[in-house]
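Please report on the fold of the chain shown below. Cover its helix packing, its core and a few individual residues.

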Amino acid sequence: MSLNPYALPATTHSYLQRAAESLSEAIGATEVPTRYACAHVAALRAAAALLAARAHPAPARRRQQKNAWVLLAEVAPELAEWAQFFAAGAGKRAAAEAGSPRAATEREADDLVRDADRFLALVEQSLGLVPHAPVQMRVVAAGHRAGVA
């Protein structure tokens with residue numbers, strides 16, 4: 001389902017901006033738990049952007065409480081696997097936010113940054129927007145500026 005990018009709600013654009021900020025924070029984080037948590041939050045904010053654009057709330061008396069990942073799978077079935085993936089990492093994110101150094105490994109945090117980056121691009125594309133430049137390109141560019149090869 002492609003939407004008119006010019007007709008998207010302001011909240012959608014705000015969530016996309018916040019997702020990009022969380023992703024940047026994850027990339028710059030030196031602590032593994034912070035990197036993991038920020039990457040997960042970036043994905044959650046990207047999901048919120050899509051929900052803001054596509055979801056239509058049910059009447060209050062029929063409404064059942066559902067988390068963002070459940071709603072995302074309902075509203076955007078093409079992203080259901082991504083929703084399941086990120087839902088499975090919610091416990092690790094909570095542990096990481098609590099400061100647990102064992103919440104995630106460095107590899108898990110780095111993989112989640114890349115996965116959140118891909119997910120954000122898919123959300124942007126499904127909203128009819130041009131996807132942002134992939135993280136890997138930005139990380140490499142940042143590494144070269146810092147003198148890292």
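Among contacts in the chain between residues at least 6 apart in sequence, 71% join residues at least 24 apart. Contact here means heavy atoms within 4.5 Å. This is a predicted model, in which local features need pLDDT of at least 70, side-chain atom pairs count only at pLDDT 80 or more, and totals for chains, interfaces and linings use all residues. Residues are numbered from 1 along each chain as its sequence is written, and side-chain values use heavy atoms, with hydrogens and water left out.

## Overall make-up

The chain has 7 helices and 0 strands. Its pattern along the sequence is α-α-α-α-α-α-α. Helices (H or I, at least four residues) and strands (E, at least two) are DSSP runs, numbered from the N terminus. Of the 149 residues, 37% are buried. Buried means under 20% relative accessible area, exposed over 50%, and partly exposed in between, with a 1.4 Å probe and protein chains only.

## The core

The largest nonpolar core holds 35 residues. Such a core is a set of buried Ala, Val, Leu, Ile, Met, Phe, Trp, Tyr and Cys residues joined through side-chain atoms within 4.5 Å. Trp 69, Leu 72, Leu 79, Phe 119 and Val 123 touch the most other members. Two or more residues each come from α1 (10-28), α2 (32-54), α3 (68-75), α4 (80-88) and α6 (106-126). The most come from α2, with 12 residues.

Leaving aside residues up to four places away in sequence, Val 123 touches Leu 16, Ala 46, Leu 50 and Leu 79.

Two packed helices are described by the angle between their axes and the distance between the axes. Axes are lines fitted to C-alpha atoms, for helices over the stretch in contact, and angles run from 0 to 180 degrees between N-to-C directions.

| Pair | Axis angle | Axis distance |
|---|---|---|
| α1 and α2 | roughly 165 degrees | within 8 Å |
| α2 and α3 | roughly 45 degrees | within 10 Å |
| α2 and α5 (residues 90-97) | about 130 degrees | 8 Å |

Angles under 35 degrees count as roughly parallel, over 145 as roughly antiparallel, 65 to 115 as roughly perpendicular and the rest as oblique.

Take α1 and α2. Their axes cross at roughly 165 degrees, which makes α1 roughly antiparallel to α2. The crossing is left-handed. A crossing is left-handed if the near helix is turned anticlockwise from the far one by less than a right angle, and right-handed if clockwise. On the α1 side the contact includes Tyr 15, Leu 16, Ala 19 and Leu 23. On the α2 side it includes Cys 38, Val 41, Ala 42, Ala 46 and Ala 49. By class, this contact has 14 nonpolar, 3 polar and 4 charged residues. Ala, Val, Leu, Ile, Met, Phe, Trp, Tyr, Cys and Pro count as nonpolar, Asp, Glu, Lys and Arg as charged, and the others, Gly among them, as polar.

Next, α2 and α3. These helices are oblique to each other, and α2 passes α3 in a left-handed crossing. From α2, the contact is made by His 40, Ala 43, Leu 44, Ala 47, Leu 50, Leu 51 and Arg 54. From α3 come Ala 68, Trp 69, Leu 71, Leu 72 and Val 75. The class count is 10 nonpolar, 1 polar and 1 charged residues.

Then α2 and α5. This pair is also oblique, and its crossing is left-handed. Pro 33, Tyr 36, Ala 37, His 40, Val 41 and Leu 44 in α2 meet Ala 90, Lys 92, Arg 93, Ala 96 and Glu 97 in α5. Here the contact has 7 nonpolar, 1 polar and 3 charged residues.

## Individual residues

Is Glu 124 buried or exposed? Glu 124 counts as buried, at 10% relative accessibility. Glu 124 sits in helix α6. Not counting residues up to four places away in sequence, Glu 124 touches Leu 16, Leu 129, Val 130, Pro 131 and His 132. Glu 124 and Ala 46 are 78 residues apart in sequence, yet 8.3 Å apart in space, C-alpha to C-alpha.

Two loop residues follow. Asn 67 lies in the loop between α2 and α3. Asn 67 is partly exposed, with a relative accessible area of 41%. Its C-alpha atom is separated by 9.0 Å from that of Ala 87, 20 residues apart along the chain. Glu 78 lies in the loop between α3 and α4. Glu 78 is partly exposed, with a relative accessible area of 47%. The C-alpha atoms of Glu 78 and Ser 126 are separated by 9.7 Å, at 48 residues apart along the chain.
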